[in-house]
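Thanks for coming. I will take you through one model this morning, starting with a pair of helices and then moving to the strands. Please have a look at it first.

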Amino acid sequence: QVCNWHLRRCSSMCQIESRWAAPPQEVVDTILIYLTVEELQHCWALGRAWAAALREGEQLWRDAYANEWRERSYDPWRDSERTWRRRAIKRLKMRSLWRSKQPTISTLMGQNGHTGTVTCARLDRHQGRTMVTGADDGSLYLWNLQRPAITGELRSAPSGGLFHQHYRQHTNAVTRQAQFHGHSGPVWCIDFDGTTLVSGGYDSTLKVWNTDGGDLLVTLRGHQGWVSGLQVHGNSCASGSSEGEVKIWDLGTMDCRRTMTRDGSHAIHAVTWLSSSHPVMTGHETVGSLTAWDPVRGEALTWHDGAGAHTETVYALASEGSVLCSGSKDKTAKLWDCRTESSVCTFKGHGASVLDVQLRDTVVATASMDKTIRTWDVRNSCTPTAVLQGHSGPVFCVDFRDSLIVSGSQDTSIRLWTVASPG
């Protein structure tokens, strides 16, 4: 590929230079700007002068980082590193760890856990310090996640038998912080930003909660069928139901702004809000069905998924920018470019329906009826970067942040999969 050509050219140009000489400016201006983080790190190893030049080239590392992970600003909690090179290398090491190391597993279940299928789990969007999980027993819990330091000792479980020990872990790293009472049936979907929680359930309602105090702020009524998917976008929330209708709610006034349906629509299983162009996407019961909705005009848009469409029901959706990820009963997940409405890659490997998907940067996580969670690199969709096995039932939900993956299953457990953060 182009990057390999750049590296070969870089090497040939530098053969005429001393190992200890600084890279020619032509190399910096015309070649290094196209390299990936990993390739820049190889150049760093060419010698002290190269390292010194690249140490000054903060913009090179920032651009390479942005191309790799689509970020151009610091998140102080997620990363304490002060230079783009250090931050990039840390992310690179983290990706390598998931490929090469067996994760530490913490399992939350028992007396203080859910008693039914864990249907949804979401880490808070901004920091990943807290998590909310919902189950078909109607329970909705807020968990406080303290990053466990992985050591050689095992500690005893707290009273109540909530934690089940696996490998090396601190079992007291996670505590149940709050329980939310209100839904009169199974909880099917949630969205969570750290302070405000929105949940949807079998009782055909959405509920808005303040997680700081555990208070129910309002119950949103209007759906005729059970609420099967939702996502918050700014001060708005989109929700979909088993009756095939989409509603747009104003979380400021707590009013329904739009109700959208289309002829022949079937049950909606998933909802996501594209942040780039603001349409709402839904996944349906019908074969391979994806629908785009205009929340302003309140109508369905034409979506040409063509030859790349799923061949079975779409159960899960996630999006980032103009990129959409879908999971289906056909045992695959797909990545879509919403600008062209085309499928750009298909992730194959699960032995049963894909029930949930999450997309962050260049990483996709999938949860399946085959009892496994898989992670994928969007640049190489042929082979999963990790296959996580341990649940004894179908895995209904997954979410992740860097070194942590959380999953929920029909076996009533929540699992936290962690690899050691690189130093």
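**Helix pair, strands and totals**

In this predicted model, L40, C43 and W44 of helix α3 meet W50, A51, L54 and R55 of helix α4, where contact means heavy atoms within 4.5 Å. By class, this contact of α3 with α4 has six nonpolar residues, no polar ones and one charged. Ala, Val, Leu, Ile, Met, Phe, Trp, Tyr, Cys and Pro count as nonpolar, Asp, Glu, Lys and Arg as charged, and the others, Gly among them, as polar.

The axes of α3 (residues 37-44) and α4 (residues 48-56) come within 8 Å and cross at roughly 135°. That makes α3 oblique to α4. Angles under 35 degrees count as roughly parallel, over 145 as roughly antiparallel, 65 to 115 as roughly perpendicular, and the rest as oblique. The axes are lines fitted to C-alpha atoms, for helices over the stretch in contact, and angles run from 0 to 180 degrees between N-to-C directions. Helices (H or I, at least four residues) and strands (E, at least two) are DSSP runs, numbered from the N terminus.

A note on conventions: residues are numbered from 1 along each chain as its sequence is written, and side-chain values use heavy atoms, with hydrogens and water left out. As the model is predicted, local features need pLDDT of at least 70 and side-chain atom pairs count only at pLDDT 80 or more, while totals for chains, interfaces and linings use all residues.

Next, strand β3, residues 130-135. Is it buried or exposed? Six of its six residues are buried, so β3 is largely enclosed by the rest of the structure. Buried means under 20% relative accessible area, exposed over 50%, partly exposed in between (1.4 Å probe, protein chains only). T130, V132 and G134 cover one side, and M131, T133 and A135 the other.

β3 runs antiparallel to β2 (residues 118-123), joined by five bridges; two strands pair if DSSP finds at least two bridges between them. L123 has M131 in β3 as its bridge partner. Five bridges also join β3 to β4 (residues 140-145), again antiparallel, and T133 is partnered with Y141 in β4. Four residues lie between the strands of the β3-β4 hairpin, where G138 takes a positive phi near 85°.

Finally, the totals. The protein chain has six helices and 29 strands. Of its 423 residues, 55% count as buried.
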